Amino acid sequence: MKKVLVIFAHPLSKKSRVHRVIMDQLKGLENIYIHDLYEEYPYFHINIEQEQRLLLEHDLIVWQHPLYWFSMPALMKQWCDEVLRRGFAYGPNGSKLQGKDFLLSVTTGGIGDPGGVPGLDLYFTPYQRTISLCGMDWLEPMVLEGTGRAGNEEILRHAEKIKQTLIDYTSESLGEVYP
């Protein structure tokens, strides 16, 4: 059975009605480990060895966070800078993450309109470059746009979709989710 690591980064997660629903859907699932960066590192002192060990122990790495100014929250960026080091994630002897799967799961609050954000996938280019540099396999991102206007049912449907995607992945039926 495959294992999933959900790296969650939201500086105000207790106030986020969307991410609270998503995280509630994922809690307690077999072979899915939720790692809340802001809870683990409230003072931004990242344990690099622990983080790299977690990455090595899992098959699918998920980054779950809101888009802030078309990018990731500050602690997530710091995590990337410190954990995805040369010699571990890329460069000479840096092939530890090669072949692992990667899923970006993000929400957009203030941006987004009923028709979606034209070209939103362009904002994923830095993520794709990072994942490519690490030799990981990029899966189709899961995005909930315009969360400021999203109703409870829409949020719950999105959270259930993420949950089912990860359950399918752990049961190795990924081909049905990502044909």
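Modeller: Of the 179 residues of the protein, 49% count as buried. This is a predicted model, in which local features need pLDDT of at least 70 and side-chain atom pairs count only at pLDDT 80 or more, whereas totals for chains, interfaces and linings use all residues. Residues are numbered from 1 along each chain as its sequence is written, and side-chain values use heavy atoms, with hydrogens and water left out.

Colleague: What makes a residue count as buried?

Modeller: Its relative accessible area must be under 20%; over 50% is exposed, and values in between are partly exposed (1.4 Å probe, protein chains only).

Colleague: How do you know that the span of helix 6 agrees with its number of residues?

Modeller: The expected span is 1.5 Å times one less than the number of residues. For the 19 residues of helix 6 (residues 152-170) that gives 27 Å, and the end C-alpha atoms are 27 Å apart, so the two agree. Helix 6 is followed by E172, whose phi is positive, near 60°.

Colleague: What makes a run a helix or a strand, and how many of each are there?

Modeller: Both are DSSP runs, numbered from the N terminus: helices are H or I with at least four residues, strands E with at least two. By that definition the protein has 7 helices and 6 strands.

Colleague: Why is the protein called as compact as a globular protein of that length?

Modeller: The globule rule is 2.2 Å times the number of residues to the power 0.38, and the radius of gyration is taken over C-alpha atoms. The rule gives 16 Å for 179 residues and the radius of gyration is 16 Å, so the description holds.
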